[in-house]
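Subject: Structure handover

Hello,

Here is the structure I said I would pass on. Please look through it first; my notes on what was found follow below.

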Amino acid sequence: MYEKNYPSKRFQHTLRFLKKNVSTTEPILDLGVENPFSKIMIEQGYAVANTQGEDLDIDFTSVRNSQAKVVTAFEIFEHMLAPFNVLREIKADKLVASIPLRLWFAPAYQSKVDPWDRHYHEFEDWQFDWLLNKAGWKIIDREKFTNPVKKVGLRPLLRSFVPRYYMVYAIRQSNP
C-alpha cells in the first residue's frame, strides 16, 4: 500500500483519515507553513495552500482571504494560546484537525532549543471536542491512535498502547 512509503505511522494514519473524509477536488488551506505532510497531500492530488508563518493567534488574514473548501490543522492548535479565535474565523465548511493528546505519564512538550516550539495546550479528547463545538464546528468523524517510538523505557512502552494523537473531521454548524 502506498502509505507504507511515508516516514511515520502518524503520516500514514493522517493520510488515510484525510482520504476517507475529503475529496481531492476540494481545495485545502493547511494552517502552518509548508511542511512534509502538506507536500504529501499535494503528491496525493490535493490542491493545498499553506498559511505563511504569521501568528495565527492574532493575524487571521490568510484564513479570512482563503477560498478553500477545507481547512487542515495537523498538530498546530497545541502551539497556540487561543485556538478558539482562528477556529471562529475559518470560512471553509470543513475542518480536518489533529492534536497530540495530554499524556498522564509525560510532561507537556517544550523544546530546549527553539523557544517557539512548545505546547501551550495538550488537550484531552473531550476538551478538544468542546473547543470545536464552542467555535461552531460539529464533529462527524474522529479517531485516536498511538505513535510508538523506537526507544527503551517505560514511557516508550506506554506510547505503544496509549493513544497519543486525536484526529477529527468536522463541519461548520449553521448556528454555533
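Of the 176 residues in the chain, 47% are buried. Please keep in mind that this is a predicted model. The chain holds six helices and six strands, and along the sequence they come in the order α-β-α-β-α-β-α-β-α-β-α-β. As for contacts between residues at least 6 apart in sequence, 65% of them join residues at least 24 apart.

Helix α1 covers residues 9-21 and helix α2 covers residues 36-43. Their axes come within 11 Å of each other and cross at roughly 45 degrees. The crossing in which α1 passes α2 is right-handed.

Which residues meet where these helices touch? From α1 there are F11, T14, L15 and L18, and from α2 there are P36, F37, I40 and M41. Sorted by class, this contact of α1 with α2 has seven nonpolar residues, one polar residue and no charged residues.

The two sides of α2

The buried residues of α2 are F37, S38, I40 and M41. Why do they count as lying on the same side of α2? They cover an arc of only 155 degrees around the axis, so they are on the same side of the helix.

A residue after β3

One more residue is worth a look in the viewer. E75 sits in the loop between β3 and α4, the helix at 83-89. Its phi is near 50 degrees, which is a positive value in a residue other than glycine. Is E75 buried or exposed? The relative accessibility of E75 is 15%, and the cut-off for buried is under 20%, so E75 counts as buried.

That is what I have for now.

Regards

Note on methods
Residues numbered from 1 in each chain as written. Predicted model: local features only at pLDDT ≥ 70, side-chain atom pairs only at ≥ 80, totals over all residues. Heavy atoms only, no water. Axes fitted to C-alpha atoms, helices over the stretch in contact; angles between N-to-C directions. Helix = DSSP H or I, 4+ residues; strand = E, 2+ residues; numbered from the N terminus. Left-handed = near helix turned anticlockwise from the far one by under 90°. Contact = heavy atoms within 4.5 Å. Nonpolar A, V, L, I, M, F, W, Y, C, P; charged D, E, K, R; others polar. Buried < 20%, exposed > 50% of the residue type's maximum accessible area, 1.4 Å probe, protein only. Arc of directions from axis to C-beta.
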